[in-house]
Amino acid sequence: MDFAEHAARGEDGARTRRALPLEVLASLVLHRLCLPHSFAPHSRYRDGAQGIALRTIAFMINLIKLLLLATTVVGSGVWIWRTTDPDPKRYRASLSPQEIQTSWKRAPWVISELACLAKAAGLRSSLAFGIANAGAHYSPFWHRVSISRAFLARLSDTDLRLILAHEVAHAARRLQTFSRCGAIEEELAADRAALQMTGSTPEQWAEAIRASVIAEPGMAITNQLALRAEVLGIQLEEP
Ligand SMILES: [Zn+2]
């Protein structure tokens, strides 16, 4: 009898109704983990050494179930956070009022570029545009490309187009981006597609990365960026 069934039975063991999920959880925690087993009136294993051994096994099985449940809940939370909010506020650059104004004026150009790149990448659904706290990222959950005001105000058209193309390439692999968010293979695939879409060279890619690091003081040449450059056959230097 598993704990779901256990919770659904009355004192005499007769099946009465299906247990609600909350009751199942309460039954697991109270009867199996917290209360001494002599308090549990429906325990099948109450007497003797064999009973103690069986109770210990039952306790261990329920403990493993509880740990699995906790891991699933925490893991799901982390996964949802990574796919919906990869945009930390702490990296946000401080901009002058004039730069903020420039970023507003640049938005329509970015939206039309996104539409062109999405068409080039063969995307059938339209991509949303948003303002990021820092850098640029694609959110597969919202199917949205977000660009920071620092990028909008400080990057050249060529550099920004290449960065947009990289994010559009993630959008074209939406399902893979969902499941392997931030994986190096996904970044490499997006880099290759971005170069192809924009007809850029690896050197232009490196220049866009350098310009991004200068534009956004919270960004740096990470090991992953250096590895991506290596795969493209170039070396990234600190700006
Ligand atoms: Zn990427």
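In this predicted model, a residue is called buried if 20 or more other C-beta atoms lie within 10 Å of its own.

Q: What percentage of the 239 residues in the chain do buried residues make up?
A: A residue with 20 or more other C-beta atoms within 10 Å of its own counts as buried. Taken over the 239 residues of the chain, the share that is buried comes to 23%.

Q: Which pattern does the chain follow when read along the sequence?
A: The chain holds 10 helices and three strands. Among contacts between residues at least 6 apart in sequence, 62% join residues at least 24 apart. Read along the sequence, the elements follow the pattern α-α-α-α-β-β-β-α-α-α-α-α-α.

Q: Is Ala171 buried or exposed?
A: Ala171 lies in helix H6, which covers residues 157-172. Not counting residues up to four places away in sequence, Ala171 touches Ala118, Leu123, Leu127, Tyr138, His143 and Val145. Because Ala171 has 23 C-beta neighbours inside 10 Å, and 20 or more are needed, this residue counts as buried.

Q: What distance separates the C-alpha atoms of Ala171 and Ser125?
A: Along the chain, Ala171 and Ser125 are 46 residues apart. In the model, which is predicted, the separation of their C-alpha atoms is 9.9 Å.

Q: Is the crossing of H4 and H6 right-handed or left-handed?
A: Helix H4 and helix H6 pack with their axes 10 Å apart and at an angle of about 50°, which makes H4 oblique to H6. The sense in which H4 passes H6 is right-handed.

Q: How many nonpolar residues are there in the contact of H4 with H6?
A: From H4, the residues Val110, Glu113, Leu114, Leu117 and Ala118 meet Arg161, Leu164, Ala165, Val168 and Ala171 of H6. Divided by class, this contact of H4 with H6 has two charged residues and no polar ones, and the number of nonpolar residues is eight.

Q: Are H6 and H9 roughly perpendicular or roughly parallel to each other?
A: The axes of H6 and H9 are 9 Å apart, and the two helices pack at an angle of about 100°. An angle of 65 to 115 degrees counts as roughly perpendicular. H6 and H9 are therefore roughly perpendicular.

Q: Which residues in H9 do Thr158, Asp159, Leu162 and Ile163 in H6 meet?
A: By class, the contact of H6 with H9 has five nonpolar, three polar and two charged residues. The H6 side consists of Thr158, Asp159, Leu162 and Ile163, and the residues they meet in H9 are Gln204, Trp205, Glu207, Ala208, Ala211 and Ser212.

Q: How many other C-beta atoms lie within 10 Å for Ala215?
A: Ala215 lies in helix H9 and, leaving aside residues up to four places away in sequence, touches Ala150, Phe151, Arg154 and Leu155. The C-alpha atoms of Ala215 and Ala93 are separated by 8.4 Å, although these residues are 122 apart along the chain. Ala215 is buried, and the number of other C-beta atoms within 10 Å is 21.

Q: How far apart are the end C-alpha atoms of H8?
A: Helix H8 has 15 residues, so at 1.5 Å a residue it should span 21 Å. The model agrees with this expectation, since the end C-alpha atoms of H8 are apart by 21 Å.

Q: Which helices do the buried residues of H8 pack against?
A: The buried residues of H8 are Ala190, Asp191, Ala193, Ala194, Met197 and Thr198. The helices against which these buried residues pack are H4, H6, H9 and H10.

Q: At roughly what angle do the axes of H8 and H10 cross?
A: Ile184, Glu187, Leu188 and Asp191 of H8 make the contact with Gln224, Leu227, Arg228 and Val231 of H10, and by class this contact has four nonpolar, one polar and three charged residues. The crossing of H8 and H10 is right-handed. The axes of H8 (residues 184-198) and H10 (residues 223-231) come within 10 Å, and they cross at roughly 50°.

Note on methods:
Residues are numbered from 1 along each chain as its sequence is written. This is a predicted model: local features need pLDDT of at least 70, side-chain atom pairs count only at pLDDT 80 or more; totals for chains, interfaces and linings use all residues. Helices (H or I, at least four residues) and strands (E, at least two) are DSSP runs, numbered from the N terminus. A residue is buried if 20 or more other C-beta atoms lie within 10 Å of its own, exposed if 12 or fewer, and partly exposed in between; C-beta atoms are placed from the backbone. Two residues are in contact if their C-beta atoms, placed from the backbone, lie within 7 Å. Axes are lines fitted to C-alpha atoms, for helices over the stretch in contact, and angles run from 0 to 180 degrees between N-to-C directions. A crossing is left-handed if the near helix is turned anticlockwise from the far one by less than a right angle, and right-handed if clockwise. Ala, Val, Leu, Ile, Met, Phe, Trp, Tyr, Cys and Pro count as nonpolar, Asp, Glu, Lys and Arg as charged, and the others, Gly among them, as polar. The expected span of a helix is 1.5 Å times one less than its number of residues. Angles under 35 degrees count as roughly parallel, over 145 as roughly antiparallel, 65 to 115 as roughly perpendicular and the rest as oblique.
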